[in-house]
Amino acid sequence: MYTVYVLFSRQFQKVYTGHTTDLLKRFHFHNEHGRQKGTLPYRPWEVIYLEHFEDKQDAMRREWLLKSGKGRAWIWGRIQEEYYRDGYIGTALPE
């Protein structure tokens, strides 16, 4: 099973999208041991969205879609709707 995930850094207002076969291990890697330039400076991360796939190619296609312009807009719409509206984080959206 492959999991496509979206991480969110409230403090830095950043989003990261990826896929994995072991979500807990990967999440721990992003928050504790990761050396990736894309996630390291924006800790802590929280998982805000998941999708599961049987096929790796399907998971990769969905990840690519979520990283596209439309996908990023959809993710930020969810964040605005679920986090900003409910007061979990400030009202300023990133540019």
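Colleague: What pattern does the chain follow, read along the sequence?

Modeller: The order is β-β-α-β-α-α, with three helices and three strands in the chain. Helices (H or I, at least four residues) and strands (E, at least two) are DSSP runs, numbered from the N terminus. This is a predicted model, where local features need pLDDT of at least 70 and side-chain atom pairs count only at pLDDT 80 or more, while totals for chains, interfaces and linings use all residues. Residues are numbered from 1 along each chain as its sequence is written, and side-chain values use heavy atoms, with hydrogens and water left out.

Colleague: How much of the chain counts as buried?

Modeller: 33% of the 95 residues. Buried means under 20% relative accessible area, exposed over 50%, and partly exposed in between, with a 1.4 Å probe and protein chains only.

Colleague: And what share of the contacts comes from residues 24 or more positions apart?

Modeller: 52% of the contacts with a separation of 6 or more. A contact is heavy atoms within 4.5 Å.

Colleague: Strands next. How do β1 and β2 run, and how many bridges join them?

Modeller: Antiparallel, with seven bridges. Two strands pair if DSSP finds at least two bridges between them. Ser9 has Lys14 of β2 as its bridge partner. The β1–β2 hairpin has four residues between the strands, and Gln13 there takes a positive phi near 55°.

Colleague: What about β1 and β3?

Modeller: They are also joined by seven bridges and run antiparallel. Leu7 shows both sides: it stands opposite Val47 in β3, and its bridge partner in β2 is Tyr16.

Colleague: Is β1 largely enclosed or open?

Modeller: Enclosed by the rest of the structure, because seven of its eight residues are buried.

Colleague: Which residues make up the largest nonpolar core?

Modeller: Twelve in all: Val4, Val6, Phe8, Ile48, Tyr49, Phe53, Ala59, Leu66, Ile75, Ile79, Tyr83 and Tyr84. A nonpolar core here is a set of buried Ala, Val, Leu, Ile, Met, Phe, Trp, Tyr and Cys residues joined through side-chain atoms within 4.5 Å. β1, β3, α2 and α3 each supply at least two of the core residues. The largest share, four residues, comes from α3.

Colleague: Then α3. Which of its residues are buried?

Modeller: Gly71, Ile75, Ile79, Tyr83 and Tyr84. They cover an arc of only 140° around the axis, so they sit on the same side of α3; the arc is that of the directions from the helix axis to the C-beta atoms. Their cover includes β1, β2, β3 and α2. The face turned away from the buried side carries the exposed residues Lys70 and Ala73.

Colleague: Which residues are buried in α2?

Modeller: Ala59, Met60, Glu63 and Leu66. Their arc around the axis is only 125°, which puts them on the same side of α2. The buried residues of α2 pack against β1, β2, β3 and α3.

Colleague: What caps the N-terminal end of α2?

Modeller: Asp55, with a side-chain oxygen 3.1 Å from the backbone nitrogen of Gln57.

Colleague: Changing topic: Glu51. Buried or exposed?

Modeller: Buried, with a relative accessible area of 17%. Glu51 is in strand β3.

Colleague: What do its side-chain atoms meet there?

Modeller: The Glu51 side chain makes polar contacts with the side chains of Tyr49 at 2.6 Å and Arg62 at 2.8 Å. A polar contact is a pair of N or O atoms within 3.5 Å; within protein, one must be able to donate a hydrogen and the other to accept it, and residues adjacent in sequence count only if both atoms are side-chain atoms. Leaving aside neighbours within four places in sequence, Glu51 is in contact with Tyr2, Thr3, Val4 and Arg62.

Colleague: Last one, Thr39. Where is it?

Modeller: In the loop between α1 (23–33) and β3 (46–53). Thr39 counts as buried because its relative accessibility is 0%. Its side chain makes a polar contact with that of His30, at 3.4 Å. Not counting residues up to four places away in sequence, Thr39 touches Tyr16, His30 and Trp45.
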